[in-house]
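Have the model open while you read this.

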Amino acid sequence: MEERVEKRAMRDGRLAEWKRCLRLLKVFAKISLMSQLEYRANFVAGVAVETGWMLIKLLYVAVVYRVGADIGVLTPDHILLFVGIYTMMTGFYMLYYGNFTSISRMVREGELDLYLVKPVSLQFLVTMRRLDVALLLPDFVAGAIMIGLGWARAGLPVTPAALAGFLFFTACGILLTYSMFLLPHLLCFWIVATRGVAELTSAVWDFNNMPQLIYGKWMQRIGTFLLPVFVITNFPGLFLMGELSCGMMVWGVVSPVLFFGITRVVWKRAVKNYSSASS
């Protein structure tokens, strides 16, 4: 009986913490947007820069349509869909990417001390305290337009089940993006020079800008199971195309949960290894 009560109390405690984090996320988003709009020139510049990068990504689609060749089961319209998913996911990644790159500085300068005493998850606070809406907006809008056009032009089904599956695997991809790309930045708790790590993660992310089906089998396996970047931007589109097997659907759910669990374990060990810059 006591064990049951204890488990229930733990479950209620976790639920309360999740609710608190959601409330804080709304506050962080509001404060971040207000602070960015306070310096509107910087906000506009951020939107312009990200728009420029987004237009560069569109060159891939332009080349595909100009050639007009199909790649296996992929038509140019399918590729437009996949590039749209990649573009939208890039927006979500850029939303909190600045928090990842600042972890090294916080550890080095001892700023992390200020967050250790806060009555909320330290990982959530450090990785979500700033949300860069200026970097999200262009990619999200352009990605959504490309997804809609590719979806319609490819003649893919527009049903409640298709929409639900697409949104579900998109949500799984967002969780996997957060978990997988936070891990390299946690090395700063053990080593000082992490700039190369950040550049490497950017290269891995950009490797994901085209459908996995254009690569060879071994590259697909590496990008699906070892470094599952293809799960992030390919699985929503493959689900719509009916090219996602039951086993891959399971992996599309398991991999984000697995990497999030690994991230939590590494984060806790990293914090235990942390010593204040003032000590």
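## Ground rules

This is a predicted model, so to speak: local features need pLDDT of at least 70, side-chain atom pairs count only at pLDDT 80 or more, and totals for chains, interfaces and linings use all residues. Residues are numbered from 1 along each chain as its sequence is written, and side-chain values use heavy atoms, with hydrogens and water left out.

## Salt bridges

You'll find three salt bridges here, each being a side-chain nitrogen of Lys or Arg within 4 Å of a carboxyl oxygen of Asp or Glu. One of them pairs aspartate 77 with arginine 153, at 2.9 Å from N to O. Aspartate 77 sits in helix α3 (residues 76-109) and arginine 153 in helix α6 (residues 133-153), so this pair ties together parts that are 76 residues apart in sequence. Helices are DSSP runs (H or I, at least four residues), numbered from the N terminus. Aspartate 77 is buried at 13% relative accessible area, while arginine 153 is exposed at 53%. The cut-offs, with a 1.4 Å probe and protein chains only, are under 20% for buried, over 50% for exposed, and partly exposed in between.

Arginine 105 takes part in two further pairings: with glutamate 109, where the closest N and O atoms are 3.9 Å apart, and with glutamate 111, where they are 2.4 Å apart. These shared partners join Arg105, Glu109 and Glu111 into one network. Arginine 105 and glutamate 109 both lie in α3, four residues apart, or about one turn of the helix. Arginine 105 is partly exposed at 28%, and so is glutamate 111 at 22%.

## Pockets

The largest pocket holds about 720 Å³ of space. A pocket is an open set of points on a 1 Å grid over the protein atoms alone, where a 1.4 Å probe fits, with protein on both sides within 12 Å along at least five of seven lines; lining residues have an atom within 4 Å of a point. Its volume is the space filled by probe spheres set on the points, which are joined across faces, edges and corners. There are 21 lining residues, and Trp18, Phe124, Met128, Tyr178 and Phe260 are the closest to the centre. Helix α1 (2-38) gives the largest share of the lining, six residues. By class, the lining has 15 nonpolar, three polar and three charged residues. Here Ala, Val, Leu, Ile, Met, Phe, Trp, Tyr, Cys and Pro count as nonpolar, Asp, Glu, Lys and Arg as charged, and the others, Gly among them, as polar.

The second largest pocket holds about 350 Å³. Of its 15 lining residues, Trp53, Lys57, Tyr86, Trp205 and Asp206 are the closest to the centre. Helices α2 (40-67), α3 and α8 (195-206) each give two or more residues to this lining, which divides into nine nonpolar, three polar and three charged residues.

## Helix α10

Now for α10 (residues 229-241): its 13 residues should span 18 Å at 1.5 Å a residue, and the end C-alpha atoms are 19 Å apart, which agrees. The expected span is 1.5 Å times one less than the number of residues.

Twelve of the 13 residues in α10 are buried, including Val229, Asn234 and Met241. Just after α10, glycine 242 takes a positive phi of about 75 degrees.
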